[in-house]
Amino acid sequence: MRLRRSRFLGATVTIAAVLAALLIIISLELLAYLLEGKVALGRSRVEAAAAVARGADQATFFVRLAAGDVRIIAQGDALRSFAGGATRDYDGVKRVFRAFLEAKPTITQLRFLDIRGNEAVRVERVGDAVVTVAPDDLQPKANRYYFKDA
């Protein structure tokens, strides 16, 4: 029972870490757009205000989209089973992550962190290619703020 609770907590923490990583990416996109809005201030305040409002609308839309993506990934059988300790679903998680990166060019990386903060799966975009990182190249992330704060 305690092991199941630990695995469930690990899956919850991992899902939160994935969401935190997506929110960081979204924040960076918003910051870039808002900086573009600041440059526009030289043109006119009305144009700048409109640019910032559009940026906020786009960021809100992007956050909602990303949150939906995280929910879809988190509810998949392969990820739930893998998070529960079923290593047989490792290939299924990789397939789901690869499919998302191939379908969503704005997502550059998806990773699954175990309860100790170690990467168990990482799929990332390298140029135009989507690659699965070899197990020997996975990294510990326990000291990262997005894991500690999750």
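Q: Which residues of α2 are buried?
A: In this predicted model, buried means under 20% relative accessible area, exposed over 50% and partly exposed in between (1.4 Å probe, protein chains only). Helices (H or I, at least four residues) and strands (E, at least two) are DSSP runs, numbered from the N terminus. The buried residues of α2 are Ala48, Ala51, Gly55, Ala59, Ala66, Gly68, Asp69, Val70, Ile73 and Ala74.

Q: What is the mean pLDDT of the protein?
A: Residues are numbered from 1 along each chain as its sequence is written, and side-chain values use heavy atoms, without hydrogens and water. Local features need pLDDT of at least 70 and side-chain atom pairs 80 or more, while totals for chains, interfaces and linings use all residues. pLDDT is the predictor's confidence in each residue, from 0 to 100. Here 83% of residues reach 70 or more, and the mean is 82.

Q: Which element has the lowest mean pLDDT?
A: Strand β3 (residues 129-132) has the highest mean, 96. At the other end, with 65, is α1.

Q: How far does α2 reach from its first C-alpha to its last?
A: α2 has 31 residues. The expected span is 1.5 Å times one less than the number of residues, here 45 Å. The model's value is close to that: 45 Å.

Q: Is leucine 28 buried or exposed?
A: Leucine 28 lies in helix α1 (residues 2-40). Its relative accessible area is 55%, so leucine 28 is exposed.

Q: Why is glutamate 119 called buried?
A: Glutamate 119 sits in strand β2 (residues 119-126). It counts as buried because its relative accessible area is 6%.

Q: Which side chain makes a polar contact with the side chain of glutamate 119?
A: A polar contact is a pair of N or O atoms within 3.5 Å; within protein, one must be able to donate a hydrogen and the other to accept it, and residues adjacent in sequence count only if both atoms are side-chain atoms. The backbone nitrogen of glutamine 139 lies 2.7 Å from a polar side-chain atom of glutamate 119. The side-chain partner, at 2.5 Å, is arginine 111.
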